Amino acid sequence: MSSTKIVSAPRYRWPGGVRTGLWFVLVALICLPFADLEVSSLDPWTDLGRLLQGFISPGLMAADQVIEALLATLAFAFAGVALAVVCGFCLALAFQNTAIRALCALTRSIHELFWALIFLQFFGLHPLTGLLAIAVPYSGIFARMYAEILGQVSKQPGYALPVASDFFSALLYTRLPLAWPHLVSYTSYRLECGIRSSAILGFVGLPTLGYYLESSFSQGYYPEVAGLMILFYLLIATKKLWLRRWTLPLFLLGAPFFMGSGMPIIWGNVGRFFSQDIIPAPLRNGDATLHSLADWAGSIIIDQALPGIWNTLLLSQIALVLTGLCALLFFPLISRHCFGPVGRFPGHIFLVIARSTPEYLLAYILLQLLGPSMLPAVIALAIHNGALIGYLTGRNSNEIQLRPDAPVRRIDRYFYELLPRSYPAFLSFMLYRWEVIMRETAILGILGIQTIGFFVDSAIQSIRFDVALLLILIAAMMNIMVDLLSRKIQQHI
């Protein structure tokens, strides 16, 4: 009597990257009911129409003010990034040290506007505030990226050096020449980011483009708002034309002279900030017991940090998924497999504008149009980051060689050829931007959205710098945790 063995069909398993994406979508859907996404403005369409009309007939303020704002924006960007390049490269050489890595992780996890608010308290509206607000976090970013670039170059040329060659000889003659093109390319990209960071420093009072944008928008001068934004887009879009090898030294040498003079530094305020203002209140009052410190920290965590963390997580997870959806919609706009050269041109223009607009500036504009809620922040984060990831994914898709049996219809080619083959790179970009979106979400609290930045700004306004510093450190820890989690997820995909 023979027995028949029944073999069950193998269970289908989703690819790791697809499962990861579905988990993020599920988390965002769970967050939706708890998020405040309503439009509270009485007539947003009228305000939006006025803004669009401003773009049709833009105007500018006095020419001397415009030139001063442009020069100050470029000056802070060049000076801050230059200082960060030097510090970041030095830190990158010692990046294997645990303390150095921890210091860099902390500095880059705190947003430029948070750094600006900190330096503003003891330097005031002095050029040092803007310079260090860009240089400190960018130093941590450069240190990490430079260390990774230098670590990825081939070690083979080093074997040709004499046995007695020291570390710096190996660096100068083998690693640096191979890594140089990648170092230059990344530094150029970061300079563009520095120009955006410099622009939004105007929102804390420094004389960059953001200062005049906020002033014009608050007064309802929409043609001036449109004119300044168009000028900013042109500045970013034409970077390759005005930034050359022979102009770079001119910008670097001229930067210190165009950051403005500002108010003189009162060094007594600097000393008081470190010796009194940031010292926890119980210690200042002479109560140095562990119980009093625990009560002080516990009340801040319960009343401010936890609500701020909750809202930051809600907003960032929803914005992350919407960013992914936008990127998947945007990247075909510049893919050669979907459109010809003429058809891709409008897509390039759109993505340049969308990714060049700082999230903070876009959120500020949308808040004026839609009213105070999480919705303007979600839209701003999704548009900016979606355009950036869409651009990178689209550029990656242009390197794909289609199979001979690839679908002819564009929509079929997108779903069955381009999307599956572009998805790994897309997911990698998304996981990298996750920490950036979290950092941007925290800082948007300054605009009135109750993320952790809202409580930081409230503490600074009420001159409780010890509370503000604790909340900033909590925000930094959140960003570090998200960065570590995204790296771990990437390793298991």
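At 63% relative accessibility, I463 counts as exposed, because the threshold for that class is over 50%. The model in which this residue is seen is a predicted one. I463 is placed in the loop between α19 (452-461) and α20. Its backbone also deserves attention: the phi angle of I463 is near 55 degrees, a positive value in a residue other than glycine.

A94 is found in the loop between α3 and α4. With a relative accessibility of 29%, A94 counts as partly exposed, because this class lies between the 20% and 50% limits. From A94 to W115 there are 21 residues in sequence, and the C-alpha atoms of the two are 24 Å apart in space.

T73 lies in helix α3. Its relative accessible area is 0%, and T73 is therefore buried. Leaving aside neighbours within four places in sequence, T73 is in contact with I195, S198, A199, T208 and L209. One of these residues, L209, also has its backbone nitrogen 3.1 Å from a polar atom of the side chain of T73.

Beyond the loop that holds A94 comes helix α4, between α3 and α5 in the numbering. Helix α4 covers residues 98-109, which makes 12 residues. From its first C-alpha to its last, α4 reaches 16 Å, close to the 16 Å expected at 1.5 Å a residue. At its N-terminal end α4 is capped by N97, a side-chain oxygen of which lies 2.9 Å from the backbone nitrogen of A99. The buried residues of α4 are C104, A105, T107, R108 and S109. They pack against α3 (63-93), α5 (112-123), α6 (127-152), α18 (410-443) and α20 (465-492).

Helix α9 can be examined in a similar way. It consists of 16 residues, 222-237, and at 1.5 Å a residue it should span 22 Å; its end C-alpha atoms are 22 Å apart, which agrees. The buried residues of α9 are Y222, V225, A226, G227, L228, M229, F232, Y233, L235 and I236. An α-helix has 3.6 residues a turn, so residues three or four places apart point the same way. Within α9, Y222, V225, A226 and M229 are among the buried residues.

The largest share, six residues, comes from α2. By class, the lining of the second largest pocket comprises 18 nonpolar residues, one polar residue and no charged residue.

What of the enclosed spaces? The structure holds four cavities of 30 Å³ or more. The largest cavity has a volume of about 240 Å³. Its lining is made up of 18 residues, with E112, C193, S197, E359 and E440 nearest its centre. At least two residues of this lining are supplied by each of α6, α7 (167-200), α16 and α18, and α7 provides the largest share, six residues. The lining of the largest cavity divides into eight nonpolar, three polar and seven charged residues.

The second largest cavity contains about 120 Å³ of space. The residues that line it are R108, I141, R144, M145, Y186, R190, Y432, E435, V436, R439 and D483. Helices α6, α7 and α18 each supply at least two residues of the lining, and α18 gives the most, with four. In the lining of the second largest cavity there are five nonpolar, no polar and six charged residues.

Methods:
Residues are numbered from 1 along each chain as its sequence is written. This is a predicted model: local features need pLDDT of at least 70, side-chain atom pairs count only at pLDDT 80 or more; totals for chains, interfaces and linings use all residues. Side-chain values use heavy atoms; hydrogens and water are left out. The expected span of a helix is 1.5 Å times one less than its number of residues. Buried means under 20% relative accessible area, exposed over 50%, partly exposed in between (1.4 Å probe, protein chains only). Contact means heavy atoms within 4.5 Å. A polar contact is a pair of N or O atoms within 3.5 Å; within protein, one must be able to donate a hydrogen and the other to accept it, and residues adjacent in sequence count only if both atoms are side-chain atoms. Ala, Val, Leu, Ile, Met, Phe, Trp, Tyr, Cys and Pro count as nonpolar, Asp, Glu, Lys and Arg as charged, and the others, Gly among them, as polar. On a 1 Å grid over the protein atoms alone, a cavity is a set of points where a 1.4 Å probe fits but cannot get out, and a pocket is an open set with protein on both sides within 12 Å along at least five of seven lines; lining residues have an atom within 4 Å of a point. Grid points are joined across faces, edges and corners, and a volume is the space filled by probe spheres set on the points.
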